[in-house]
Amino acid sequence: MKKHGAIIGLGYSLPENIVHNSDLEKLVDTTDQWIRERTGIKRRRILEREKPSYDMGVKASKQALENAKISSKDIELIIVSTESPDYLTPSMACVIQDKIDAENAAAFDLNAACSGFVYALTVADQFIQTGMYNNILVVACEGLSKVVDWKDRNTCVLFGDGAGACILTPSDNAGIINYDLGADGKKRKAITIPLTHFNEEELFKRNNKREQVIYMQGREVFKFEVTAMTKSVKKLLAEENMSIDEIDWIIPHQANMRIITNSIKKLEFPIEKVVITLDEYGNTSSASIPIAMAEANENGKFKSGDNIVLVGFGGGLTWASTLIKWL
Ligand code: UT7
């Protein structure tokens, strides 16, 4: 019988430092009102510059292990989703493996930008279905403040730092039921963070400076994301022969409140059943979905048997959704 990867533990970690919209008014030509009205963001958490981003991933992982009541020695695979790693090598997964004493685990990073956590869950689920591994730690950890251009008002008001983690284990009737993954590389230039290669266009977009900072065509990405979120969720439901009324919760990537409300309206889903953390934490890229899921779980929102849809979208451009039956 087909096994599903079920979530048995969740954790999250956010830096203590809170940056309010009014703080950003001192950095760029913006206002608290513009940011709230155009994005829904009120504040975000920002990691101290000298601290490594992986610290947040380590804390989230330890909390997920405690929540699952298993030892780190039982973890057989660690997958970390990140588009803002501290090092190209070692992978963040190897650093976390060391810091949590999970010496029996294989470890690698995966980058699908803001869709990365759902991509990583899907990959983990494949290993569970084949019977190769029983306990898998999936982490999404992002220190985006380190790759934000703090002089660019188009992007610096949007992002925040944080990490979320979960532990997957095989189950007969609960867990990950289905997924939809996709990418449109033709639109890849809409969000970029160059590392070693800068062509003329990349240099121009960054004021002719070789800086590893985010550039984004906000309006283009916005349109893509509303369509991607709506289509992907509808595809999942159609494949499972389910109606939207059978879904208990949707946890979308937290990029912009207007993206969420536009998509949710198209899906004809009640906004009260959408998990939102955007106002408090901003856009934490691939970490936004597991942070929202872990916090909602901590607040007792989910009950056994709930149908929960996670949906991510962003750089690449990519999208990813998954349907989970809560254990
Ligand atoms: O995680 C995946 C990544 N995806 C995302 O982050 C979401 C994608 N896009 C968006 O969320 C939205 O497109 C933005 C929030 C980035 C921008 O909102 P918008 O409503 O699409 O604004 P816009 O880019 O069309 O700009 C409207 C105006 C412009 O001024 P002019 O040209 O009309 O004079 C911008 O220069 O708003 C201006 N603007 C700002 N004004 C005050 C842009 N950023 C700011 C700002 N404060 N921070």
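Domain bounds, as used here, come from an automatic or database domain assignment. The model is predicted, so local features need pLDDT of at least 70 and side-chain atom pairs count only at pLDDT 80 or more, while totals for chains, interfaces and linings use all residues. Residues are numbered from 1 along each chain as its sequence is written, and side-chain values use heavy atoms, with hydrogens and water left out.

The shell around the ligand takes at least three residues from each of domain 1 (4-173) and domain 2 (177-184 + 217-325). In total, 24 residues surround the ligand, the closest being Thr-30, Arg-38, Arg-219, His-253 and Asn-283; a residue is near a molecule or strand if one of its heavy atoms lies within 4 Å of it. By class, 10 of the shell residues are nonpolar, 8 polar and 6 charged. Here Ala, Val, Leu, Ile, Met, Phe, Trp, Tyr, Cys and Pro count as nonpolar, Asp, Glu, Lys and Arg as charged, and the others, Gly among them, as polar.

Helices (H or I, at least four residues) and strands (E, at least two) are DSSP runs, numbered from the N terminus. Helix H2 (32-39), helix H6 (153-156), helix H8 (218-239) and helix H9 (257-267) each supply at least two residues of the shell, and H8 gives the largest share, with 5 residues.

A polar side-chain atom of Asn-256 is 2.7 Å from a ligand oxygen atom, and one of Arg-258 is 2.9 Å from an oxygen atom of the ligand. On the backbone, a polar atom of Gly-218 lies 3.1 Å from a ligand nitrogen. The protein buries 76% of the 950 Å² that the ligand exposes when taken alone (accessible areas come from the Shrake-Rupley method with a 1.4 Å probe; for residues, only the protein chains shown count as cover).

Salt bridges come next. With a salt bridge defined as a side-chain nitrogen of Lys or Arg within 4 Å of a carboxyl oxygen of Asp or Glu, the count comes to 15. One of them joins Lys-189 to Glu-201, with the closest N and O atoms 3.4 Å apart. Because Lys-189 lies in the loop between strand E8 (175-183) and strand E9 (191-192) and Glu-201 in helix H7 (residues 200-205), this pair ties together parts that are 12 residues apart in sequence. Lys-189, Glu-201 and Lys-205 are linked in a network of salt bridges. Asp-184 and Lys-187 also meet in a salt bridge, at 2.9 Å from N to O.

Notes: Polar contact = N/O pair within 3.5 Å; in protein donor to acceptor, adjacent residues only side chain to side chain.
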